[in-house]
Protein chains: 2
Amino acid sequence: MAVRIEDVASLAGVSMKTVSRVLNNEPNVRAQTREKVQAAVAELNYKPHPSARSLAGHRSYLIALLYDNPSPSYLMEIQSGVLDACETHHYGMMLRPLNYSPASDAEFIHTVESLVVHGRPDGLILTPPITDHPTLGKRLAELNVPYACISPRDWSGCIGANLDEVHAASEMTAHLIALGHRRIAHITGHPDHGASGWRLQGYCDALQRAGLRFDPNLVVAGEFSFDSGISAARRLLDLKQPPTAIFSANDDMAAGVINAACERGMVVPRDLSVCGFDDTPMSHQIFPALTTVRQPAREMGCIAATQLLRALRNPESCEMVHVPYTLQLRKSTGPVPNHQKTP
Amino acid sequence: MAVRIEDVASLAGVSMKTVSRVLNNEPNVRAQTREKVQAAVAELNYKPHPSARSLAGHRSYLIALLYDNPSPSYLMEIQSGVLDACETHHYGMMLRPLNYSPASDAEFIHTVESLVVHGRPDGLILTPPITDHPTLGKRLAELNVPYACISPRDWSGCIGANLDEVHAASEMTAHLIALGHRRIAHITGHPDHGASGWRLQGYCDALQRAGLRFDPNLVVAGEFSFDSGISAARRLLDLKQPPTAIFSANDDMAAGVINAACERGMVVPRDLSVCGFDDTPMSHQIFPALTTVRQPAREMGCIAATQLLRALRNPESCEMVHVPYTLQLRKSTGPVPNHQKTP
DNA sequence: GCTCGGCATGGCAGCGCTGCCATGGCTGAT
DNA sequence: ATCAGCCATGGCAGCGCTGCCATGCCGAGC
């Protein structure tokens, strides 16, 4: 049952050490020898014993995914992507749910430190909002623990994957403007998330580009949750001059907006256009199907993990990779109501 | 940085071996010695090196979670529960996404076998629909690989966690009957899932108990997806005598039903009552909020993992644990429409 | 008193692999 | 011709633990 490196070595007619070199892509092996070894590995269907490798090699061949569950579907996508990358690089993934709070700073840092000491991952993948912790990055650099970030607020000197959320949000807002909307509201996300700022920024950019006045009454604070979307929408719809379109910083809040509109007997998009951000599975299961921005989360997970894994060998060659977003135009946005049209 | 068992031993004034015994809860250590060792462990904040343990102990201290993503939110819950149990037992969890298909039997079994050989998990946790594979259980027993199941179709001789879905479905149907509905439809789930059969069974039971005739036209096959819910609903609403309530075997399909109803200008629950099963996060984000059955998935994951971990030490003491469900009565079900009432 | 069995503890090899160093052959500069 | 320096490969200790066996002690039974 258990094939060992010794068996491969004797089949290939070389030493264990040479097999080890081939397996770890180390240099200084003749091409011909390399092939012989690879053939033997394939023939015996050999896979190195992870624990033995780890014990002798002083690393765990494990990377840890740190998260504070913002949304199960998003996380599942990221996780699948990371898993894909781990698979191809013969690494394992460990999952670390954390309670993120930039407030109880010391405690949070301590939790991460003990995770690093005891779980011994070779590197970390940080997901939002953990990416935006004020001091974690610095501390990890001090501890010499490599890490990659997904959608960090500030990506200078940081590897991983991100997406031009400012442009995406601005394009989404432009879509509403193109439909004739002039009173466009925005519900912001949780202030701890970098995404909240970018999406607001994109909204402002698009207004400015179209020559529309920014109206502070039309920007309401949410916190990414469904309930916060409902209450924000109620406030907006109660305005003397309510908006004709609401761009919500994520899908959950957009669902809240649609809910609040339905409560009042409004029909979306006839009476109100609504759009979100993230393209969660829920977004096309609600009625009407939600116009939103899709980010390729799985791909981002895979890219971040790949960058991290590469950084473990050669820290120089790594970078922050920008991935493209896609506008998903569905049924929740439409032309501005007739009676509301301004010349 | 790295505390080793040797350090603990010398601090406690005993041999490495004795420390090892204490750490692994082995018998034949004096209570006093045990305490001394535990104190030393605590003082040094010692955690054994997983790879070294694994290499010397001939086991991996890892359990594998096998799944074929039915729904990200369900899976995320299960996963969190398993992680909880692993945490308390000092085990690790590895994730194994699989492509389930009872058709390509040999290939599936082979995939699982190579996973067992190469990943070396000490045990497996099977989630639906993998739990219902016709031959996997037998094969695992032959290979002597312990496993626990979550909601298996057939739980004889199997450990893990499940829920009385037949009763839950019957109670849900009874709720509709109590609201005055007489023409109640059911959309079934994917035939590969045990859940589909149970939920249909519960539906039938409730009808019978209420003395209502079972009408085969009111049972339509779905496959748990949103789209299959839409098309099933369309077929039902096209009937000469359409149902006044639709019980869908899961939430995604129920969302499809609501969508199809909205398309036709129907108002839920005024014109049609709809209910689902699973209590996904989406279920209270759609309008109207969905009446559904909540299963404590996280708890089930935790219980299944705990049973498995216990089975690793003592296979005798383990069982299939039944967990309670809860009806979530929300806004999508209501009294039967007036003009439809039958005396 | 002596033996015997069981309990508490210790000693040590070795799990399967990699890091480090040694070795020997070959190339190219002198 | 000589030798420094590099490349391809091998040898072996040892990573941190646990399994197995040895040891010594104590109390019960004869």
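A polar contact is taken here as a pair of N or O atoms within 3.5 Å; within protein, one must be able to donate a hydrogen and the other to accept it, and residues adjacent in sequence count only if both atoms are side-chain atoms. The model is predicted, so that local features need pLDDT of at least 70 and side-chain atom pairs count only at pLDDT 80 or more, while totals for chains, interfaces and linings use all residues. Residues are numbered from 1 along each chain as its sequence is written, chains are lettered from A in the order in which they are written, and side-chain values use heavy atoms, with hydrogens and water left out.

| Residue | Protein atom | Distance to a phosphate oxygen of DNA strand D |
|---|---|---|
| A:Thr18 | side-chain N or O | 2.5 Å |
| A:Thr33 | polar side-chain atom | 2.5 Å |
| B:Ile5 | backbone N or O | 2.9 Å |

Around DNA strand D there are 27 residues, of which A:Ser15, A:Thr18, A:Thr33, B:Ser20 and B:Tyr46 come nearest; a residue is near the strand if one of its heavy atoms lies within 4 Å of it. Sugar and phosphate make up 63% of the atoms of DNA strand D that come within 4 Å of the protein.

Chain B is superposed on chain A by a rotation of 180° with 0.0 Å of shift along its axis, at an RMSD of 0.2 Å, with least squares applied to the C-alpha atoms of residues with pLDDT of at least 70 in both. The two copies are therefore related as by a two-fold rotation axis.
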